[in-house]
There are 4 protein chains.
Amino acid sequence: MIIKYGIDASMAARAIDAAAAYATGAGLRMCIAIADESGDLKAFLRMDGAPKLSLQIAQDKAFTAACFGLATHGWYDFIKNDPPLLHGVGSIPRLVIFGGGFPVVVDEGMIGAIGVSGGHYTQDMDCARAGLAAIGARVE
Amino acid sequence: MIIKYGIDASMAARAIDAAAAYATGAGLRMCIAIADESGDLKAFLRMDGAPKLSLQIAQDKAFTAACFGLATHGWYDFIKNDPPLLHGVGSIPRLVIFGGGFPVVVDEGMIGAIGVSGGHYTQDMDCARAGLAAIGARVE
Amino acid sequence: MIIKYGIDASMAARAIDAAAAYATGAGLRMCIAIADESGDLKAFLRMDGAPKLSLQIAQDKAFTAACFGLATHGWYDFIKNDPPLLHGVGSIPRLVIFGGGFPVVVDEGMIGAIGVSGGHYTQDMDCARAGLAAIGARVE
Amino acid sequence: MIIKYGIDASMAARAIDAAAAYATGAGLRMCIAIADESGDLKAFLRMDGAPKLSLQIAQDKAFTAACFGLATHGWYDFIKNDPPLLHGVGSIPRLVIFGGGFPVVVDEGMIGAIGVSGGHYTQDMDCARAGLAAIGARVE
């Protein structure tokens with residue numbers, strides 16, 4: 001059998017709150033999504049004024065990160081010298097290859113993912129890391 | 001121009017918390033979605049153990065309620081003696097005709113909607129009403 | 001070769017204006033879509049306050065009417081005693097089986113369709129007929 | 001609560017008429033879409049002879065412009081030296097990074113967007129600007 005560990009609602013809410021608090025402090029307006037270990041949406045918040053397109057991108061970043069257990073910002077280095085991948089990833093629904101999606105990794109393994117969208121991806125990454133730190137998850 | 005009023009992140013979080021607290025007290029596990037006045041997702045929570053199919057249903061209930069400003073449980077009475085509608089609504093994406101979706105109506109008008117899924121729809125409705133009451137919205 | 005006749009932009013605009021004027025006079029708020037003879041969107045208007053779900057339904061009614069050259073309200077009588085169809089049409093994307101979609105038929109044949117959504121389908125039908133009449137198309 | 005201002009049907013129609021008149025004068029055939037402040041379609045026209053692929057592109061340009069409040073032609077400069085974005089945007093549904101989509105910005109803020117497609121994007125931009133000018137919106 002396979003034993004799976006998934007992020008619970010309380011952890012998800014704390015991660016969102018911390019990411020949103022960081023964003024507020026930095027003057028940013030973000031969409032923040034938490035997925036569980038299977039990539040399904042666990043919790044979500046669209047901060048007031050966050051751009052609409054970020055609604056889906058935040059969810060897709062969390063989905064991408066959960067689906068491979070890898071941060072989304074790692075994808076570009078992985079594919080940049082591999083033209084079929086570099087030009088092919090655009091056709092894969094929900095795969096995001098820029099920063100802002102991170103797996104939520106704890107001692108038991110990967111229990112979910114966080115995805116943030118609303119600023120430049122480096123800002124998205126900072127917000128997501130604040131969310132990870134708040135729940136004791138590994139911060140890359 | 002058209003002036004619109006939308007639910008803010010703080011209200012959305014309070015509605016979800018209250019709906020989830022009610023569900024916990026009743027031994028239920030729900031997905032709870034808040035949409036804004038245009039039907040876009042504003043906040044979401046999947047309580048631990050809530051069924052996966054409810055992920056989308058909760059969001060669709062909120063969407064349906066926001067799209068017409070009507071509670072989803074009102075649809076069946078409206079269409080039950082109107083065969084073309086009764087048999088035709090199945091082809092409309094995201095339209096939910098059983099209970100658990102309510103518009104969020106305040107003095108300024110309809111500012112969003114709440115959708116709850118995870119139990120029988122009468123239980124979903126009770127949880128949603130707890131969410132509405134917590135933010136001072138009209139409870140049908 | 002196949003010769004096709006399609007509604008032009010001017011006719012489409014006149015049909016929308018007439019349908020909208022009728023709706024305004026009746027205190028209704030509608031989404032009004034015109035498709036060409038191939039089912040592609042030709043023109044569209046969401047009247048102020050028209051429900052969001054009607055955005056897609058109006059377009060789908062016009063699409064359905066153009067795709068078969070039949071008014072959408074004719075579908076139910078056609079399928080009501082044929083259970084596989086009656087219960088199967090719900091799975092067909094964009095097929096609407098209640099009123100509000102009409103083909104635009106002139107001497108040259110079917111040149112497009114109009115779809116209206118926002119009220120009960122009988123109201124939608126009245127608005128659509130006003131649009132048809134304004135451009136000299138056949139009114140069923 | 002969040003207060004939002006949306007473009008109304010009359011403004012939308014005037015913007016389309018002006019963009020279409022400009023296109024006619026320039027010998028162009030365009031699809032012209034107006035979205036409201038939340039990105040939903042408000043009005044649309046496919047001029048006679050406008051290419052079919054432009055149907056969706058025009059709507060997506062308006063959607064993209066409304067979703068961030070930015071003109072679509074600004075995206076390429078923003079991402080051209082940022083390879084993860086340059087190669088990553090292809091996976092984002094409805095995001096258009098070439099010209100022809102503009103937010104509709106008035107004193108009250110961003111109330112919607114216009115998207116034009118049918119010529120080279122520089123021609124699309126000229127038509128869209130004619131639409132913006134006709135309703136007193138900011139022209140970049």
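**View 1. F44(C) stands opposite F44(D) in β3(D).** Everything here comes from a predicted model, in which local features need pLDDT of at least 70, side-chain atom pairs count only at pLDDT 80 or more, and totals for chains, interfaces and linings use all residues. Residues are numbered from 1 along each chain as its sequence is written, chains are lettered from A in the order in which they are written, and side-chain values use heavy atoms, with hydrogens and water left out. Strand β2 of chain C (residues 41-46) and β3(D) run antiparallel and are joined by 3 bridges. Strands are DSSP runs of E with at least two residues, helices are runs of H or I with at least four, and both are numbered from the N terminus; two strands pair if DSSP finds at least two bridges between them.

**View 2. Here is the contact between chain D and chain C, with 15 residues from chain D and 16 residues from chain C.** Contact means heavy atoms within 4.5 Å. The two chains bury about 1,300 Å² between them, 48% of it on carbon and sulfur atoms. Buried area is the accessible area (1.4 Å probe) that two parts lose on being put together, summed over both.

**View 3. Salt bridges link chain D and chain C, 7 in count.** One of them pairs D36(C) with R46(D), whose closest N and O atoms are 3.5 Å apart. A salt bridge puts a side-chain nitrogen of Lys or Arg within 4 Å of a carboxyl oxygen of Asp or Glu. On the side of chain D that touches chain C, the elements giving two or more residues are β3 (41-46) and α2 (53-68) of chain D. The most comes from β3(D), with 6 residues.

**View 4. Chain D can be laid on chain C by a turn of 179° and a shift of 0.1 Å along the axis, with an RMSD of 0.2 Å.** Copies are superposed by least squares on the C-alpha atoms of residues with pLDDT of at least 70 in both. Look for F44(D) again: of the residues of chain D, its C-alpha comes closest to the rotation axis, at 2.4 Å. The same surface serves both copies, as 100% of the contact residues of chain D recur in chain C.
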